[in-house]
Amino acid sequence: MQFLLFLSETIIPIFIVWIVAYGLVSHRPVYEDFIVGAKDGFTTVLGILPTLIGLMVAVGVLRASGFLNMLASILAVLVPDWIFPTELLPLSLIKMFSSSASTGLLLDIFKEHGVDSLLGRTAAIMMSSTETIFYTLSVYFMSVNIKKSRYTVVGALVCTIAGLFASIYFAQLM
Amino acid sequence: MNYLWAGMILIGVVYAAFTGSLPDVTTAALDSAKEAVTLCITMLGVMSFWMGLMKIAENAGMIATLAHRLRPVLHFLFPQIPKEHIVNEYLSTNMIANILGLGWAATPLGLKAMEELQKINEKNCERYGENQYRGTDIATKEMCDFLIINISSLQLVPINIIAYRTQYGSIAPTDIMGAAIAATTVGTIVAIVFCKLVPDRGRVSGKDLFGKS
């Protein structure tokens, strides 16, 4: 843990030093290069701002309406506990839409069931092995004006579901 | 995308009307819009800084070296992309950033990769014409595969989760790491197999889609 924390604290500074030093050694005008790149990053972010507003509002509305929770409780009836832990269904579902909302749910599970319980551990593993599918897809596709995503949603769902079941399995092995 | 977005808004509002949580929805909509702008302001700084650094790395030839090492992997995943194309650099650095858990660093690179893939797509649409599977608003196989693999999120150190576990008094916060790496690996393997199984319908047979022009 100490080492990991050390690593996570130092990896970015090391990266920065490495890049700048490498640039200097290669006799590059590092500051001018930096400015050119920074301008590039600036325009990229400005380009996705409208997309981000549209999406975050949509997710916010859906979450506040209680629809996501309703959907999760319906799924809980459809999917028996021995296939998929009922307590973790809302978490898995909401993780596909919003990272911050699912973090809230994760901490809730830690409080409710204990951080080192099977449920707590499974939830933590699920969160680290899945991604906010719909958010990621929208940002990436909308940034280049793609409207037909073909099989991407299906593929993303398939690998996420595989990851979720793998999480349940590996958590039990621990 | 249009239907997904409209669906989310409409379902949310209609459902809220029935459950009486309309005031919450109003607040949520306004707050989310504000949150998006705040997030973008933070991102403006972080991304500009990161892209500046990446430019130094790029001009100094570091990224080319890095991408070179990942070349066999990329070539296996995206056999259609020529080995010397610039998009390889974005793809490989995006993957490296994702594996290290540097999500904020991975996104701008991923967006650049999409931009390049879209340029290629537009060029191909112009040269070979559009059809059911190829068009300027239709994702190419490379885009779909890249995003699916990206979403399967191969990650080595889920540092934020470890931090939450520490905060909630876990006796061994890093205990889940092994299982998490195993689970994420399963997800990524499934993603790669899935992508390999889907045929590339947008491709013109016998022609090099990524040829120089």
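Trainee: Which residues have the most contacts inside the largest nonpolar core?

Mentor: Welcome! Keep in mind that this is a predicted model. Its largest nonpolar core has 71 residues, with members from chain A and chain B among those named here. The residues with the most contacts inside this core are A:Phe141, B:Phe78, B:Leu91, B:Met114 and B:Phe146.

Trainee: Which element gives the most to this core?

Mentor: As a general background, nonpolar side chains tend to be buried together in soluble globular proteins. Here, 12 residues of the core come from one helix, and the element giving the most is H2(B).

Trainee: How many residues does the second, separate core have?

Mentor: This core includes A:Leu119, A:Ile125 and A:Ala166, along with B:Ile161. Its residue count is 25.

Trainee: Which residues does B:Phe78 touch, leaving aside those up to four places away in sequence?

Mentor: B:Phe78 is one of the residues with the most contacts inside the largest core. Two of its partners, B:Leu91 and B:Phe146, are also on that list.

Trainee: Let's go back to helix H2 of chain B. How far does this helix reach from its first C-alpha to its last?

Mentor: H2(B) covers residues 22-59, which is 38 residues. At 1.5 Å a residue, 56 Å would be expected. The reach in the model is close to that, at 53 Å.

Trainee: What distance separates the centres of the two domains of chain B?

Mentor: The domain assignment gives domain 1 as 1-49 and domain 2 as 61-197. Taken over C-alpha atoms, their centres are separated by 27 Å.

Trainee: Is A:Thr132 buried or exposed?

Mentor: You can find A:Thr132 in the loop between helix H6 (118-129) and helix H7 (133-143) of chain A. Among the residues it touches are A:Lys95, A:Met96 and A:Phe97. The cut-off for a buried residue is under 20% relative accessible area. A:Thr132 has 4%, so this residue is buried.

Conventions:
Residues numbered from 1 in each chain as written. Chains lettered and ligands numbered in written order. Predicted model: local features only at pLDDT ≥ 70, side-chain atom pairs only at ≥ 80, totals over all residues. Heavy atoms only, no water. Helix = DSSP H or I, 4+ residues; strand = E, 2+ residues; numbered from the N terminus. Expected span 1.5 Å × (residues − 1). Buried < 20%, exposed > 50% of the residue type's maximum accessible area, 1.4 Å probe, protein only. Contact = heavy atoms within 4.5 Å. Domains from an automatic or database assignment. Core = buried A, V, L, I, M, F, W, Y, C linked by side-chain atoms within 4.5 Å.
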